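Colleague: I would like to go through this model with you residue by residue. Could you take my questions in turn and say on what criteria each reply rests?

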Amino acid sequence: MRVIVSTLLIVLLITVSGFNSNAYGSGQEKKERYLVTFENQGAKDRVHIPQHDVVHDFSSFSVSVVEMNENAANGLANNPHVTAVEKDSLVHAHSQSQEADWVLHVFTEKMTGK
C-alpha cells in the first residue's frame with residue numbers, strides 16, 4: 001500500500017511541476033530589443049541595467065539599445081530617469097544617393113548584427 005501511495009505522490013509531483021512550467025513558460029519571457037532614452041547622459045549611471053543586456057550604448061546621445069523582456073521594459077519606463085522605452089524596429093529609408101543608402105546599410109548591420 002505504501003508503495004502505491006508513494007508512487008502516486010511522485011507521479012502527482014511530476015505532473016504538477018510539469019504543468020507549472022508549461023502554463024507559465026520556462027520562467028523567461030522572450031527578449032526583444034528596446035531603445036531606452038534617458039533624461040541625460042548622467043542618468044544612464046543612475047539606472048540599473050545589467051551590462052550583458054546592453055546591446056549598444058550611444059555615446060553622443062542619451063540612448064541605449066537594451067535586450068529585455070516586456071515586463072522589464074514596462075518597469076524601466078516607470079523609472080524617473082528614463083524618458084522613453086520603445087521597441088527597436090528596422091526602418092527602411094529611400095534616398096536618391098547611393099552613399100546615403102550605403103551608410104544606412106552599414107549602420108543597420110552594425111546595430112542588428114546582421
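Colleague: Which backbone atom does the side chain of Ser62 reach at 3.1 Å?

Modeller: This is a predicted model, in which local features need pLDDT of at least 70 and side-chain atom pairs count only at pLDDT 80 or more, whereas totals for chains, interfaces and linings use all residues. Residues are numbered from 1 along each chain as its sequence is written, and side-chain values use heavy atoms, with hydrogens and water left out. Ser62 sits in the loop between β2 and β3, and its side chain, at 3.1 Å, reaches the backbone nitrogen of Gln41.

Colleague: Is Ser62 buried or exposed?

Modeller: The classes are buried for under 20% relative accessible area, exposed for over 50% and partly exposed in between, with a 1.4 Å probe and protein chains only. Contact, meaning heavy atoms within 4.5 Å, links Ser62 to Val36, Thr37, Phe38, Asn40, Gln41 and Lys44 when neighbours within four places in sequence are left aside. Because its relative accessibility is 17%, Ser62 counts as buried.

Colleague: Why does Ser64 count as buried, and how many of the residues of β3 are buried?

Modeller: Ser64 counts as buried because its relative accessibility is 4%. The strand around it is mostly covered, and of its 6 residues the number buried in β3 is 5.

Colleague: Over how many bridges do β1 and β3 pair?

Modeller: Two strands pair if DSSP finds at least two bridges between them. Val36 stands opposite Ser64 in β3. Strand β1 (residues 32-38) runs antiparallel to β3, and the number of bridges over which they pair is 6.

Colleague: On the other pairing, which residue of β3 is the bridge partner of His56?

Modeller: Strand β2 (residues 54-57) pairs with β3 in the antiparallel sense over 3 bridges, and these two strands form a hairpin with 5 residues between them. Val54 stands opposite Val66 in β3. For His56, the bridge partner in β3 is Val65.

Colleague: What is the volume of the second largest pocket?

Modeller: On a 1 Å grid over the protein atoms alone, a pocket is an open set of points with protein on both sides within 12 Å along at least five of seven lines, and lining residues have an atom within 4 Å of a point. The lining of the second largest pocket includes Asp57 and Ser64, and α2 and β2 each supply at least two of its lining residues. Grid points are joined across faces, edges and corners, and with volume taken as the space filled by probe spheres set on the points, the second largest pocket comes to about 150 Å³.

Colleague: Which side chain makes a polar contact with that of Arg46?

Modeller: Arg46 lies in helix α2 (residues 43-46) and is partly exposed, with a relative accessible area of 48%. Not counting residues up to four places away in sequence, Arg46 touches Glu39, Asn40 and His81. At 3.5 Å, the side chain in polar contact with that of Arg46 is the one of Glu39.

Colleague: What separation do the C-alpha atoms of Ala84 and Thr37 have?

Modeller: Ala84 is in strand β4 (residues 82-87) and counts as partly exposed, at 22% relative accessibility. Its contacts beyond four places in sequence are Leu35, Val36 and Thr37. Although Ala84 and Thr37 are 47 residues apart along the chain, their C-alpha atoms are separated by 5.1 Å.

Key: Helices (H or I, at least four residues) and strands (E, at least two) are DSSP runs, numbered from the N terminus. A polar contact is a pair of N or O atoms within 3.5 Å; within protein, one must be able to donate a hydrogen and the other to accept it, and residues adjacent in sequence count only if both atoms are side-chain atoms. On a 1 Å grid over the protein atoms alone, a cavity is a set of points where a 1.4 Å probe fits but cannot get out, and a pocket is an open set with protein on both sides within 12 Å along at least five of seven lines; lining residues have an atom within 4 Å of a point.
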